[in-house]
Amino acid sequence: MPEALVSIAEHYHKRTKYDPATIAAKSQGIDFSHQPYPFKAYRLGSEIDLKPYLDDAPATGELPADIAWWSRLSHLLINSYGLTAKMPTAAGDTFYLRAAPSAGGLYPAELYIVSRGTSLLPAGLYNYQARTHSLWRYWDAHLWQELQAACFWHPALESTQLALVASAVFFRSAWRYQDRAYRRIFLDSGHILGNLELAGAAADYRPHLIGGFVDQALNELLYLNPDEEGVIAVLALADLLEVEQNLPHCSSALAAPTETKFPTLADGELLSYFHQCTQIPPATQNLAWETRSAVDPEPTLPEDKYNIPFCLKVSTTTAPVHWGEDLQDLETTILKRRSTRRYSGAELTLAELRALLDFTYQPQHYISQGFDGDPDYFDLSLLQTFIAVSGVEGLDEGCYYYAPKSQELRQIRFKNFRRELHFLCLGQDLGRDAAAVLFHTADLKTAIGKYGDRVYRYLHMDAGHLGQRLNLAAVRLGLGVSGIGGFFDDQVNEVLGIPVDEAVIYITTLGRPARSQD
């Protein structure tokens, strides 16, 4: 039987850890003949082609109102999860790359639009067809009240006309990563949320993130098969060109039950059981949203958790990264983003590392460029950041804690960790050759105490969201970047000196790309 008073989230995290002594036994061959198709298809419905609107620049103000509206939506969707390239495979098939990175290129997420009913987009349900860059209208109905009720009447849904809904098709990732796929699915989805936040600024939309909802109700509303696919996030899409939709901010996360009594589960059964345990039951009542004040030029940042005495402290304050007039360079950056496959081993400069951290963690510095100074996350106070520095000019080698409120790096261990990082990242050269390797961590027990087992979703999506900001800032600066979701969990803490209560959630490597990425 499971350990007493251990929640299913803690049990799942422990069960899906990679360990040097057991990873070979857990590995299994990949059956490529059964690889899931990463696009959803419908037999009935009608298509709305969004490709003609990609040639229109939504920010020019010179388009007819209806064309401008479609152009903004078209650009928002392609920059969030659209296709950015296609490559032939050895088998003669075509492999598609998308705007948001995905572990193994499996793309488990789906995006839907729920329309309240506008003159341009009738009430109903729409699936975003990334392969053809179109909307597929598969259900005509007025479902907004049902959406509001399922989301506990979130204030952002009171005035908005559109909502984006992200789901996960679990087997697309589990086919390769088995039970640990649950981690990767939510990291992937967090990258999409990061794109939605930033691309929304360029298209004059403000996505209001909603993570607390009755899962069963939303799955039924979208006609999903819950054994295969489940809703994981809702975003009320406020149109910033309409004053009544320029809404105050509100909390994004709600608590779910904590399950400490669960059966012994075989490998392959853990993912689906855990997902069921993270859901908010239909009979749940009296959950309330906390509304925050309008955007503050100096929003409150999470408190710095670790104040290491007598350590080396390095300021990270810097001038903001510039994204061009009207964010004109943002779309270019999103569409050309690629995960780096090899680093040269060359150093970054301290100025470059400062710029990466500033764009990722200090959104208030970018209000003047048109970005939201207080974007939605589920709860950033639960995530911590540690950085293993192997090659940053002007910064000693070692492991640092990043304190976002103080905007400084605090050194906790002195050492060049290149050899150890190669081992910790499962022998991937990315870990060894990167100039800096960033670790997002969380105290699981504390997080579960606040939000129940559902917090596991929130932690990974928030880490992916931060990871996407790192991705785009790195590409904007001409640097290499790649996320890593597979690592030796416990050994990371031991080797780098990260406190043992901090569970590693995600790794992002940063460096100079090798000249050839073949």
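Reply: Let us begin with a pair of helices, α3 and α6, which pack at an angle of about 145 degrees with their axes 8 Å apart. This is a predicted model, in which local features need pLDDT of at least 70, side-chain atom pairs count only at pLDDT 80 or more, and totals for chains, interfaces and linings use all residues. Residues are numbered from 1 along each chain as its sequence is written, and side-chain values use heavy atoms, with hydrogens and water left out.

Me: What is meant here by a helix, and what by an axis and an angle?

Reply: Helices (H or I, at least four residues) and strands (E, at least two) are DSSP runs, numbered from the N terminus. An axis is a line fitted to C-alpha atoms, for helices over the stretch in contact, and the angle, from 0 to 180 degrees, is taken between N-to-C directions.

Me: Is the crossing of α3 and α6 left-handed or right-handed?

Reply: A crossing is left-handed if the near helix is turned anticlockwise from the far one by less than a right angle, and right-handed if clockwise. The crossing of α3 and α6 is right-handed. On the α3 side the contact (heavy atoms within 4.5 Å) is made by L76, N79, S80 and Y81, and on the α6 side by I192, N195, L196, A199 and G200.

Me: How do the residues of the contact of α3 with α6 divide by class?

Reply: Ala, Val, Leu, Ile, Met, Phe, Trp, Tyr, Cys and Pro count as nonpolar, Asp, Glu, Lys and Arg as charged, and the others, Gly among them, as polar. The contact of α3 with α6 has five nonpolar, four polar and no charged residues.

Me: At what angle do α3 and α9 pack?

Reply: Helix α3 (residues 65–81) and helix α9 (residues 328–336) pack at about 40 degrees, with their axes 9 Å apart. Angles under 35 degrees count as roughly parallel, over 145 as roughly antiparallel, 65 to 115 as roughly perpendicular and the rest as oblique. α3 is therefore oblique to α9. Their crossing is left-handed. H75, I78 and N79 of α3 meet E331, I334 and L335 of α9, a contact with three nonpolar, two polar and one charged residues.

Me: How many residues of α1 are buried?

Reply: Buried means under 20% relative accessible area, exposed over 50%, and partly exposed in between (1.4 Å probe, protein chains only). Six of the eight residues of α1 are buried, and the helix is mostly covered. These are I8, A9, E10, H11, Y12 and H13. The buried residues of α1 pack against α6 (181–202), α8, α13 (444–451), α14, α15 (489–496) and β18 (502–511).

Me: Why does H13 count as buried?

Reply: H13 counts as buried because its relative accessibility is 4%. Leaving aside neighbours within four places in sequence, H13 is in contact with R183, L444, Y456, D489, A503 and V504. H13 and R183 are 170 residues apart in sequence, yet 8.8 Å apart in space, C-alpha to C-alpha.

Me: Are R184 and R457 buried or exposed?

Reply: R184, in helix α6, is buried, with a relative accessible area of 8%. Beyond four places in sequence, R184 touches Y18, A103, S173, Y177, G485 and G486. R457 belongs to helix α14 and counts as buried at 1% relative accessibility. Apart from neighbours within four places in sequence, the contacts of R457 include Y182, D215, H275 and Q279.

Me: Which residues have the most contacts inside the largest nonpolar core?

Reply: A nonpolar core is a set of buried Ala, Val, Leu, Ile, Met, Phe, Trp, Tyr and Cys residues joined through side-chain atoms within 4.5 Å. The largest has 114 residues, and those with the most contacts inside it are I113, L135, W323, F371, L395 and L409. Helix α14 (residues 455–476) gives the most to this core, with twelve residues. Apart from it lies another core, of 31 residues, among them A156, L224, V234 and C250.
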